[in-house]
Amino acid sequence: MKKWIIATSIFFLAWMGGVSTEAFSSQRFADVPSTHEAYQHINYLADKGIIKGYNENGLQLFKLNNPVTRGQAAKMVVLGADYQPLKVAQSSFVDINPKTEPELSGFVERAASLGLFDNISDKRFNPNVPLTRGEMSKVIATAFKLDVNRYASYPSPFCDISTSYPYFKYINALYYNGLSQGSNGKFNPNNHLTRSQFALFVARAMDAKFRLAVKSVNGQSCSNPSPGKTETIGRATVNGLNVRSAANASSSILGILNRGDEVNVLSINGWWAKVNYKGSIGYVHKTYLKLINQSGSVVKNRIIVLDPGHGGKDSGAVNGSYAEKRIALSVASLVKEKLEKDGAIVYMTREGDTYPTLKERVDFAHQKYAEIFVSIHVNASASASAKGTETYYSITANENELEDKVLATNINNEIVKQANMVNRGVKREDFYVIRHSVFPSVLVELGFISNNEDLSKLVNSNYQAIFANAIYQGIVNYYKN
């Protein structure tokens, strides 16, 4: 008995405690999840030494949604277009001091010498002023030597850009080179860009692999369709959530939602929710919306991914003939049955005795456009007295941390109550499957297979049904509140 406990404990630590390099693979910027549209573009620029981000409280951040300033844009395009900053003794601009800001001064002087920026008057560069999309078109097109004159006679793909617009030829050059597609037929030249949006443009200009397909232009007419209403509400789960003019991360920003703000959801396509935002149509990434049905079942049409731990060659924790992988699958299957009866769309990372890797489980959830993710496990300890239920949520790189905690608490409380388990609490830990799942994600430890009292419940079919009902009810409670 002692031998299997030690072996199981070592395995359990390897699976759950972080000794696996796969489970704790590095993430360059803690606020740039792999699901973000600009993830590859930002990492590409970082690999090239064009961006570094910000180090705050031990985390390296990119600050996706901050507006990109003229000074930041100058540095990125000078490096991206393979120029070098100038050495400056006396600045050309009264609002930049080469002694206190030598790096900024050098990049701005080089950008100015290349004629990248307009709106310079009274010898002021305004380095901290956000860049507009119109200004950006000239910056990018000029820095990367796009043939703007070639496209000056081409029809505009954007209904808000006429041939007389000052940046017409630059915007056309971006479109016909696959750098920009605008939003709903508009370019929105006076809107400001976020840092993530500007990263997309720079990466596309630098490397053709990032460029967009160029569609034929048949003339554009601007229209403002009147949004209707549905019975689904989207409640923002984070602060600073962008409402965009089209279903992509490079489109212009119509407004900002903060945690708790609600919008009426008109439809959902993949990761994007089409919403009624202040009387206009907007788009919000549904990862950061809690979708709440206004009538009927609270889980109807919600996309839920269940992850029965281990499987196949990986038995997980064991006690004699009892194995974690079988218990987890049995409980998960029962949860799936109950959720589907209420109209939820439920997927399981495995439905038999197979072994998906940790990455494959996460990738599967993203492929299904998961709205919540619940990983089900059984605990083990070298101490036979350790017992009870505990539920985990991630610490790092997850903007939905508060939602994770709410979901974890609802599930944990129901298991403790319904199965009469010792409450070991809701805890934070960077386990791979919840760390890399940006949508609300939790990992449930039903009980200890190494404890006789817990084991008697874990392997009992009646109690497995109770565990499943508790997880189901925890999910329902999450959507009710």
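Serine 156 sits in the loop between helix 5 and helix 6. Helices (H or I, at least four residues) and strands (E, at least two) are DSSP runs, numbered from the N terminus. Serine 156 is buried, at a relative accessible area of 16%. Buried means under 20% relative accessible area, exposed over 50%, and partly exposed in between, with a 1.4 Å probe and protein chains only. The side chain of serine 156 makes polar contacts with the backbone. One runs to the backbone nitrogen of phenylalanine 158, at 3.1 Å. Another runs to the backbone oxygen of isoleucine 161, at 3.2 Å. A polar contact is a pair of N or O atoms within 3.5 Å; within protein, one must be able to donate a hydrogen and the other to accept it, and residues adjacent in sequence count only if both atoms are side-chain atoms.

This is a predicted model: local features need pLDDT of at least 70, side-chain atom pairs count only at pLDDT 80 or more, and totals for chains, interfaces and linings use all residues. Residues are numbered from 1 along each chain as its sequence is written, and side-chain values use heavy atoms, with hydrogens and water left out. pLDDT is the predictor's confidence in each residue, from 0 to 100. The protein averages a pLDDT of 89, and 91% of the residues score at least 70. Residues 1-25 stay under 50. For that stretch the model has 46 contacts beyond four places in sequence. Contact means heavy atoms within 4.5 Å.

Now the whole protein. It has 13 helices and 17 strands. Its C-alpha trace spans about 80 × 50 × 35 Å along the principal axes. Of the 481 residues, 55% are buried. Among contacts with a separation of 6 or more, 74% are between residues 24 or more positions apart. The accessible surface comes to about 20700 Å², and carbon and sulfur atoms hold 47% of that. These areas come from the Shrake-Rupley method with a 1.4 Å probe; for residues, only the protein chains shown count as cover. The protein has 53 positive and 41 negative charges, and their mean positions are 2 Å apart. Lys and Arg count as positive and Asp and Glu as negative; His and the chain ends are not counted. Each charge is placed at NZ of Lys, CZ of Arg, CG of Asp or CD of Glu.

Turn to helix 2, residues 39-47. Its buried residues are His41, Ile42, Asn43, Tyr44, Leu45 and Ala46. Their cover includes helix 3 (70-80) and helix 7 (195-206). Just after helix 2, glycine 49 takes a positive phi of about 75°.

Serine 180 lies in the loop between helix 6 (168-176) and helix 7. Its relative accessibility is 3%, so serine 180 counts as buried. Beyond its neighbours within four places in sequence, serine 180 contacts Arg133, Phe158, Leu174, Tyr175, Phe187, Phe201 and Leu212. A polar atom of the serine 180 side chain lies 3.4 Å from the backbone nitrogen of glycine 182. From serine 180 to glutamate 401 is 221 residues in sequence and 33 Å in space, C-alpha to C-alpha.

Next comes histidine 285, in strand 8 (residues 280-285). Histidine 285 is buried, with a relative accessible area of 16%. Its side chain joins that of threonine 287 in a polar contact of 3.0 Å. Leaving aside neighbours within four places in sequence, histidine 285 contacts Trp271 and Trp272.

Tyrosine 369 is in the loop between helix 9 (358-367) and strand 14 (372-379). At 35% relative accessibility, tyrosine 369 is partly exposed. Tyrosine 369 and glycine 270 are 99 residues apart in sequence but 6.1 Å apart in space, C-alpha to C-alpha.

Finally, the backbone angles. Most residues other than glycine have a negative phi. Lysine 123 is not a glycine, yet its phi is positive, about 55°. Lysine 123 lies in the loop between helix 4 (102-113) and helix 5 (133-143). Lysine 123 is exposed, with a relative accessible area of 57%. Asparagine 420 also has a positive phi, near 50°. Asparagine 420 is in the loop between helix 10 (401-418) and strand 16 (423-428). At 61% relative accessibility, asparagine 420 counts as exposed.
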